[in-house]
Amino acid sequence: MIEVRFHGRGGQGAVTSAELVALAAIEDGKFAQSMPSFGPERRGAPVQAYLRVSKDQIRVRAEVLNPDVVVVLDDGLIEIMDITSGLKDGGLVVVNTKQTVDELRKKMNYRGKLAIVDALTIALETLKVPITNTTMIGALLAASDLVPVNLVADQINKRFNPKLAERNISALRRAADDTKISG
């Protein structure tokens with residue numbers, strides 16, 4: 001089983017990200033679940049979402065404390081919380097940032113596998129709004145083999161109106177292409 005913890009801020013789409021990938025995994029013949037975790041709902045407040053994907057039935061239904069992958073939709077969260085808390089050895093961290101790999105490694109004191117993408121710029125240019133969820137799914141899929149990109153694109157088509165879906169799929173694919181993977 002692969003466990004993923006998304007860190008974002010209210011309104012950035014962390015919960016939707018986990019849901020879209022879970023639905024794509026189910027389409028791929030896998031078992032999957034997603035769930036949100038947040039306090040009082042407020043745009044901009046830190047939120048977490050959890051995702052599990054497995055070839056076997058998933059029996060646990062709890063927050064992900066020891067993720068295989070951490071996805072960070074807002075690199076400002078790195079300064080206010082330990083986003084790598086509980087990350088399994090050999091884990092992957094995927095971050096939306098303008099920083100270089102070296103700058104980010106120093107700030108996070110992290111030497112493991114790291115994937116970075118400037119998801120905010122992609123979102124602003126492609127979607128015209130600062131919502132980084134589909135861009136960060138693209139980065140996650142570029143750095144892992146969780147599910148095929150086309151299955152997430154199918155879920156986006158089901159979730160959004162055609163014009164918005166087209167822009168989100170474009171952002172997803174561009175982020176997948178632009179993601180830099182280190183370690």
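In this predicted model, helix H5 meets helix H6 through Val149, Asn150, Val152, Ala153, Ile156 and Asn157 on the H5 side and Ala165, Asn168, Ile169, Leu172 and Arg173 on the H6 side. By class, that contact has 7 nonpolar, 3 polar and 1 charged residues.

**How H5 and H6 pack**
- H5 covers residues 149–159 and H6 covers residues 162–178, and their axes lie 9 Å apart at an angle of about 155°.
- Angles over 145 degrees count as roughly antiparallel, so that is how H5 and H6 run relative to each other.
- The crossing of H5 past H6 is right-handed.

**Nonpolar cores**
- The largest nonpolar core has 42 residues, and Phe6, Leu51, Val71, Val94, Leu146 and Val152 have the most contacts inside it.
- Helix H1 (residues 14–27) gives this core its largest share, 7 residues.
- Leu51 is worth a look: leaving aside residues up to four places away in sequence, its contacts include Ile2, Val4, Phe6, Val64 and Leu146, along with Glu3, Gln33 and Ser34.
- A second, separate core of 13 residues includes Leu87, Val101, Met108 and Tyr110.

- Most residues other than glycine have a negative phi.
- Asn109, however, has a positive phi of about 55°; this residue sits in the loop between helix H2 (101–108) and strand E6 (113–117) and is exposed, with a relative accessible area of 64%.
- Lys128 likewise has a positive phi, near 70°; its place is the loop between helix H3 (119–126) and helix H4 (133–143), and Lys128 counts as exposed at 60% relative accessibility.

How values were computed. Residues numbered from 1 in each chain as written. Predicted model: local features only at pLDDT ≥ 70, side-chain atom pairs only at ≥ 80, totals over all residues. Heavy atoms only, no water. Axes fitted to C-alpha atoms, helices over the stretch in contact; angles between N-to-C directions. Helix = DSSP H or I, 4+ residues; strand = E, 2+ residues; numbered from the N terminus. Parallel < 35°, antiparallel > 145°, perpendicular 65-115°, else oblique. Left-handed = near helix turned anticlockwise from the far one by under 90°. Contact = heavy atoms within 4.5 Å. Nonpolar A, V, L, I, M, F, W, Y, C, P; charged D, E, K, R; others polar. Core = buried A, V, L, I, M, F, W, Y, C linked by side-chain atoms within 4.5 Å. Buried < 20%, exposed > 50% of the residue type's maximum accessible area, 1.4 Å probe, protein only.
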